[in-house]
Amino acid sequence: MTEPAHPQPRFTVETAKVLAEVAHNRQKDKLKRPYREHVLAVGDALADFDDDIRIAGYLHDIAEDTPMTRQALLDMGVSERAADIIERVTKRLHENPDDYQAGIRYIAEDHDATLVKIADNAHNSLPERVKALAEKWPDKPPVTRYDDARPVLYAAVPVEETRKILARINPWLLNELDDMLDEADDTDYEFLSYDAPAAADAPATAAAADAEAAPGDAPAGDTGSARD
C-alpha cells in the first residue's frame, strides 16, 4: 500500500532566520564582529512587510557569502519571489559587480529588492559603525557609497515604507530622509494661499444672490409643492 505523500514543510520567516545564523556563523565583518548580527538586523528591520520580503532580508547575503545557490534555496522551500529578491541584491550576480552605483540602480528597479537594500544600507550606516571604521583606519577616506546610494533607493519606494525600516534599524537616518524630502519639495510656500479658491465659491455665491432677488418667493413656512 502506497503511503500518502506528506506536503513539504513551508519555509517560514523563522526558518530563514535560523538558516542565516547557521550560514554566516563563522563569518566576521570588517570590525571583526559576528556577521550574523548584520543579516539578522536586516531581517528584523523588515518586520512590517510580508514573509517573502522578510525571508529575503535574513538571506540577503547568503548567495554572496556562501556556496548556497538559487536552486538549493528553492529546494528548501524558499519561494520564487524571495529567491528573485535575493538574486537581485547579490552583487556578484550583477552585470558589473565592481560598479556599485550601477548595482544600486539595478536594485532600485524592483520594489521588494529596494526595501531589503534600504535595510542593508541603513545597518551599514549606523553612527557607531561609521565611527568605529574611521577609528580603525584613520588614514582611509570615509566611504561615501552608502550615502550616495540612499537617494536612489529612497526614490524607488513610498516614503512611509522607508520610514518604517529606518525607525527599526537606524533612526538617525530619519532626519536625513526629511532633509531630502524638503530639498525635493519645490512648492513656493511664500506665495501659497490657504484661502478657498474664489472660483469655487463663485457659483454658490451667485446662486444665493439669484435666490434673494427672485420674484414671487414663497412666504415663510411654505415648503412648496409636496413633489419637491
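Start by selecting helix H10 (residues 145-154) and helix H12 (residues 173-184), which pack at an angle of about 60 degrees with their axes 11 Å apart. Helices here are DSSP runs of H or I with at least four residues, numbered from the N terminus; axes are lines fitted to C-alpha atoms over the stretch in contact, and angles run from 0 to 180 degrees between N-to-C directions. This is a predicted model, in which local features need pLDDT of at least 70, side-chain atom pairs count only at pLDDT 80 or more, and totals for chains, interfaces and linings use all residues. Residues are numbered from 1 along each chain as its sequence is written, and side-chain values use heavy atoms, with hydrogens and water left out.

H10 contributes Arg150, Pro151 and Tyr154, and H12 contributes Leu173, Glu176, Leu177 and Met180, where contact means heavy atoms within 4.5 Å.

Now stay on H10 and pick tyrosine 146 together with tyrosine 100. They form an edge-to-face aromatic pair, 6.3 Å centre to centre with 80 degrees between the planes (ring centres within 6.5 Å; planes over 60 degrees apart for edge-to-face). Tyrosine 100 lies in helix H7 (residues 100-107) and tyrosine 146 in H10, so the pair ties together parts 46 residues apart in sequence. Both tyrosine 100 and tyrosine 146 are buried (under 20% relative accessible area, 1.4 Å probe, protein chains only).

For a last stop, select arginine 88: its charged end sits over the ring of tyrosine 106, 4.1 Å from the centre.

Conventions. Helices (H or I, at least four residues) and strands (E, at least two) are DSSP runs, numbered from the N terminus. Rings of Phe, Tyr and Trp (its six-membered ring) pair if their centres lie within 6.5 Å; planes under 30 degrees apart count as stacked, over 60 as edge-to-face and the rest as tilted. Buried means under 20% relative accessible area, exposed over 50%, partly exposed in between (1.4 Å probe, protein chains only). A charge sits over a ring if NZ of Lys or CZ of Arg is within 6 Å of the ring centre and within 35 degrees of the ring normal.
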